Amino acid sequence: MEFKRLTDTITIPAIGFGTWTIGGGDVADTTYDSEDVSAIQNAIKLGITNIDTAEAYAEGHAEELVGRAIGGFERKNLFITTKVSPEHLRYDDLLASAKGSLGRLKTDYIDLYLIHAPNPDIPIQETMKAMDCLVEQKLVKCIGVSNFSVEQIKETQKHTKNKIRANQIEYNLLVRDKGRVTENMESEIIPYCQKNDILIIAWRPLAKGELAKPGFKILDELTKKYNKTQSQIAINWLISKEGIVTITKSTKVEHLKENLGAIGWKLQQEDVDRLNNSFGALS
Ligand SMILES: NC(=O)c1ccc[n+]([C@@H]2O[C@H](COP(=O)([O-])OP(=O)(O)OC[C@H]3O[C@@H](n4cnc5c(N)ncnc54)[C@H](OP(=O)(O)O)[C@@H]3O)[C@@H](O)[C@H]2O)c1
């Protein structure tokens with residue numbers, strides 16, 4: 001596994017395991033619990049020790065399955081990110097959310113706790129007071145945000161004693177401009193975060209699997225040149241950038257192994273440029 005810097009003393013694996021649709025989607029579904037727990041455990045055994053979840057995923061059931069899966073592993077070898085939902089950003093609600101996540105994850109601390117998305121109806125001062133309290137109580141090691149614009153990050157940073165360490169945004173070859181936030185990622189959000197030591201965590205790196213199959217001419221050409229698959233090229237394009245890691249979801253061992261093949265090599269600059277131009281022209 002390749003690691004990237006989060007703080008002076010903490011690093012994070014460049015490829016993480018996403019849990020959206022693990023244990024259900026918008027609602028909990030227990031049908032595939034044992035398969036989902038095995039998938040998380042397989043990922044960890046393969047070295048994907050960075051797990052991304054959220055209290056909203058499957059109404060908390062994704063966190064429960066992560067909690068079940070990590071039981072047999074050394075906690076200090078794992079990096080667990082979870083997120084508080086935008087409707088829970090009032091002081092007391094946020095503390096209750098964190099407590100709920102800790103209980104479902106069966107852990108004493110969260111490595112990275114993110115605000116899942118901004119909520120303009122709740123003063124950010126109140127939210128950050130609760131985030132600071134969690135850090136002070138050592139329930140959370142690092143704090144961050146998700147789907148935040150540059151202005152929202154600046155405003156958030158003003159109201160916390162702790163550094164905002166990460167911004168998790170939708171970013172992949174097919175989504176390079178606006179994604180869920182209102183600014184351009186490549187010309188505004190990513191350069192700002194890189195300059196200010198805020199890690200970018202790119203969510204949906206494979207565009208829900210679209211980028212993991214043949215169909216994009218340039219990707220198909222590069223598979224031959226590098227002897228890599230479409231998904232390996234799409235993920236390498238992300239993680240070879242400064243200050244960017246990614247989280248991809250897969251419950252299939254062969255896909256997890258394939259995605260790990262995105263590590264340990266680098267696209268030549270001329271091919272990065274070709275990808276940028278070709279996918280830029282698509283959007
Ligand atoms: N912060 C936010 O607002 C936010 C929003 C959305 C998602 N996220 C996070 O980001 C994670 C990743 O995003 P995502 O799950 O939406 O999309 P994704 O990782 O881009 O794509 C997942 C899909 O791709 C398939 N896949 C993965 N590797 C593959 C491979 N090598 N070959 C073929 N298919 C492959 C998976 O199917 P199989 O399981 O069959 O392999 C799954 O259907 C989420 O799980 C979640 O943790 C965060």
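**Strand 6, I115.** I started with I115, which sits in strand 6. The model is a predicted one. I looked up the accessibility of I115 and found 0%, so I115 counts as buried. Next I listed its contacts, leaving aside neighbours within four places in sequence. I115 touches V84, L89, I124, T127, M128, M131, G144, V145, S146 and F148. I also checked T82. It is 33 residues from I115 along the chain, and the two C-alpha atoms are 8.8 Å apart.

**Helix 5.** I then asked which residues of helix 5 (residues 150-158) are buried. They are V150, I153 and T156. They span an arc of only 125° around the axis, which means they lie on the same side of helix 5. I looked for what covers these buried residues. The cover includes helix 4 (124-136), strand 7 (140-146), strand 8 and helix 6.

I went to the loop between helix 3 (91-105) and strand 6 (110-115), where T107 is found. K106 lies in that loop too, between helix 3 and strand 6. Are these residues buried or exposed? T107 has a relative accessible area of 10%, so it is buried. K106 is at 61% and therefore counts as exposed. I noted the backbone of K106 as well: phi is positive, about 50°, although the residue is not a glycine. Most residues other than glycine have a negative phi. For T107, I set aside neighbours within four places in sequence and found contacts with R75 and L102.

**Helix 2 against helix 3.** I took the axes of helix 2 (residues 61-70) and helix 3. They come within 7 Å and cross at roughly 40°. Helix 2 and helix 3 are therefore oblique to each other. I wrote down the residues that meet: E63, E64, V66, G67 and I70 from helix 2, and S101, R104 and L105 from helix 3. I sorted this contact by class and got 3 nonpolar, 2 polar and 3 charged residues.

N172 lies in the loop between strand 8 (164-170) and helix 6 (185-195). Its relative accessibility is 1%, so N172 counts as buried. What does its side chain reach? I found the backbone nitrogen of V175 at 2.7 Å. A polar atom of the N172 side chain also lies 2.7 Å from the backbone oxygen of R204. Beyond neighbours within four places in sequence, N172 is in contact with R204, P205, A207, L211, W237 and L238.

I followed R204 next. R204 lies in the loop between strand 9 (199-203) and helix 7. R204 has a relative accessible area of 23%, so it is partly exposed. I checked its backbone too. Phi of R204 is near 55°, a positive value in a residue other than glycine.

**Helix 7 against helix 8.** Last, I looked at how helix 7 (residues 217-226) meets helix 8 (residues 230-239). The axes come within 9 Å and cross at roughly 100°. Helix 7 and helix 8 are therefore roughly perpendicular to each other. On helix 7, I listed L219, D220, L222 and T223 in the contact. On helix 8, the residues are Q230, I233 and A234. By class, this contact divides into 4 nonpolar, 2 polar and 1 charged.

Note on methods. Residues are numbered from 1 along each chain as its sequence is written. This is a predicted model: local features need pLDDT of at least 70, side-chain atom pairs count only at pLDDT 80 or more; totals for chains, interfaces and linings use all residues. Side-chain values use heavy atoms; hydrogens and water are left out. Axes are lines fitted to C-alpha atoms, for helices over the stretch in contact, and angles run from 0 to 180 degrees between N-to-C directions. Helices (H or I, at least four residues) and strands (E, at least two) are DSSP runs, numbered from the N terminus. Angles under 35 degrees count as roughly parallel, over 145 as roughly antiparallel, 65 to 115 as roughly perpendicular and the rest as oblique. Contact means heavy atoms within 4.5 Å. Ala, Val, Leu, Ile, Met, Phe, Trp, Tyr, Cys and Pro count as nonpolar, Asp, Glu, Lys and Arg as charged, and the others, Gly among them, as polar. Buried means under 20% relative accessible area, exposed over 50%, partly exposed in between (1.4 Å probe, protein chains only). A polar contact is a pair of N or O atoms within 3.5 Å; within protein, one must be able to donate a hydrogen and the other to accept it, and residues adjacent in sequence count only if both atoms are side-chain atoms. The arc is that of the directions from the helix axis to the C-beta atoms.
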